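These are my notebook entries on what I looked up in one structure. The entries follow the order in which I checked things.

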Amino acid sequence: MEIILGLLIIAIGAFCQSSCYVPINRIKSWSWESYWIVQGVFAWIVFPLLGALLAVPAGHTLFEAYAAHPGDSLMTILFGILWGVGGLTFGLSMRYLGVALGQSIGLGTCAGLGTILTPLFMGRPGDLTASVIIGVVVTLIGIAIIGIAGGMKSAMLSEEEKKKAVKDFNFPKGLIVALLCGFMSACFNIGLGFGEKLCFEGSSDIFKTLPATFLVTLGGFITNALYCLYQNSKNQTWADYGKRSLYLNNVLFSALAGLLWYSQFFGLSLGKGFLAGSAALVTFSWCILMSLNVTFSNVWGIILKEWKGCTPKTIVVLIVGLVILVISCFLPQLL
């Protein structure tokens, strides 16, 4: 029962993350770099910090956990900075490929690499059991099938139809960006691996990874902030921040987007606490989260009509890929 509850919590977090681009679409008259950094303040600083504080017992401070392991804290932030490149290109992949295809390719690469590389970086190759590896392979197969559906979609739509569904649609450019996104985004899970000791003995199991999560997102914020401020200067979009009449609407929807985005890692922490009885599922939990992110992002892609105009064959291929992804979430426990 605890395993089912843990998977359900992770699924809820994944659904929230996959929904974060819905409020972003309600942001008005701001350039990409302006709204990206504002939502990043909430997604990578405000809410992760509030989450990390839940892991601090009474009479202690969050800084104590970091000061006790300065080397691990530094490595966690470093991999957060590297993940920041993935977070940055993640936004760009949505811009060029849309929610469904962009998240599928980016998160698919992230799922496989994040699950496999983390135990290797931590010196625990034994965590990569046969059931975990099979689960990763099946996940990648499901995501590859979704990618095929995306290619079929790209081949059949006219340029006008592509632009109508995704304004800046560019499949070759988007594919490169999404693959880079997936590779760098895997650093998030590696950062969590280095941050395993950054917690208190008295912390609840469901909150123990949240202090490390904050350091990873802090590192990611540094990368994204530098790039966005550079783009503000390059594109002369500083005036966005001076449009006071838009503050209430844009900051509200940026905050909502940030909360929805952070929910995936809050849910991952809580979910892993309930999966502690299955070492394979704990190792595979990153892949589960990414698989569900892809699943729900494609559901949103259908709702947002990004697959409108595709043939029934393309839709069938998409559904087959989604079903395989859902099945992959349970494989390590079934094998």
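I looked up asparagine 293 and found it in helix α12. Helices here are DSSP runs of H or I with at least four residues, strands are runs of E with at least two, and both are numbered from the N terminus. Asparagine 293 is buried, with a relative accessible area of 0%. I use buried for under 20% relative accessible area, exposed for over 50% and partly exposed for in between, with a 1.4 Å probe and protein chains only. The side chain of asparagine 293 makes a polar contact with the side chain of glutamine 264, at 3.1 Å. A polar contact is a pair of N or O atoms within 3.5 Å; within protein, one must be able to donate a hydrogen and the other to accept it, and residues adjacent in sequence count only if both atoms are side-chain atoms.

A note on the source: this is a predicted model, in which local features need pLDDT of at least 70 and side-chain atom pairs count only at pLDDT 80 or more, while totals for chains, interfaces and linings use all residues. Residues are numbered from 1 along each chain as its sequence is written, and side-chain values use heavy atoms, with hydrogens and water left out.

I then turned to asparagine 224, which sits in helix α10 (residues 210-235). Asparagine 224 is buried, at 1% relative accessible area. Its side chain reaches the backbone oxygen of glycine 220 at 2.8 Å.

**The cavity**

How many cavities of 30 Å³ or more does a search of the whole structure find? I got one. A cavity is a set of points, on a 1 Å grid over the protein atoms alone, where a 1.4 Å probe fits but cannot get out; lining residues have an atom within 4 Å of a point. The volume of the largest cavity is about 170 Å³. That volume is the space filled by probe spheres set on the points, with grid points joined across faces, edges and corners.

I counted 18 residues in the lining, and those nearest the centre are Trp83, Phe90, Ser185, Trp261 and Gln264. Two or more lining residues come from each of α3 (32-53), α5, α11 (247-274) and α12 (279-303). Helix α5 gives the most, with six residues. By type, the lining has eleven nonpolar residues, seven polar and no charged. Ala, Val, Leu, Ile, Met, Phe, Trp, Tyr, Cys and Pro count as nonpolar, Asp, Glu, Lys and Arg as charged, and the others, Gly among them, as polar.

**Aromatic pairs**

I paired rings of Phe, Tyr and Trp (its six-membered ring) if their centres lie within 6.5 Å, and called planes under 30 degrees apart stacked, over 60 edge-to-face and the rest tilted. This rule gives 19 aromatic pairs. Phenylalanine 42 and phenylalanine 47 have ring centres 6.3 Å apart and planes at 35°, so I logged the pair as tilted. Both phenylalanine 42 and phenylalanine 47 are buried.

Phenylalanine 79 and phenylalanine 194 form a stacked pair, with 5.3 Å centre to centre and 15° between the planes. This pair links distant parts of the chain, 115 residues apart: phenylalanine 79 is in helix α5 (residues 70-121) and phenylalanine 194 in helix α9 (residues 187-194). Phenylalanine 79 and phenylalanine 194 are also buried.

I noted one aromatic cluster formed by Trp32, Trp36, Trp44, Trp83, Phe188, Tyr227, Trp261, Phe265 and Trp286. Trp83 and Trp261 are also among the residues nearest the centre of the largest cavity.

**Helix α8**

Helix α8 (residues 171-185) has 15 residues and reaches 20 Å from its first C-alpha to its last, close to the expected 21 Å. The expected span is 1.5 Å times one less than the number of residues. Its buried residues are Gly174, Val177, Ala178, Cys181, Gly182, Met184 and Ser185.

**Loops and positive phi**

Most residues other than glycine have a negative phi. Serine 29 has a positive phi, near 55°, and lies in the loop between α2 (21-24) and α3. Glutamine 236 also has a positive phi, near 55°, and I found it in the loop between α10 and α11. Glutamine 236 is exposed, at 62% relative accessibility.

Alanine 239 is in the loop between α10 and α11 and is exposed, with a relative accessible area of 56%. Alanine 239 and valine 38 are 201 residues apart in sequence and 14 Å apart in space, C-alpha to C-alpha.

Definitions and conventions. 1 Å grid on protein atoms, 1.4 Å probe; cavity = no way out; pocket = protein on both sides within 12 Å on 5 of 7 lines; lining within 4 Å.
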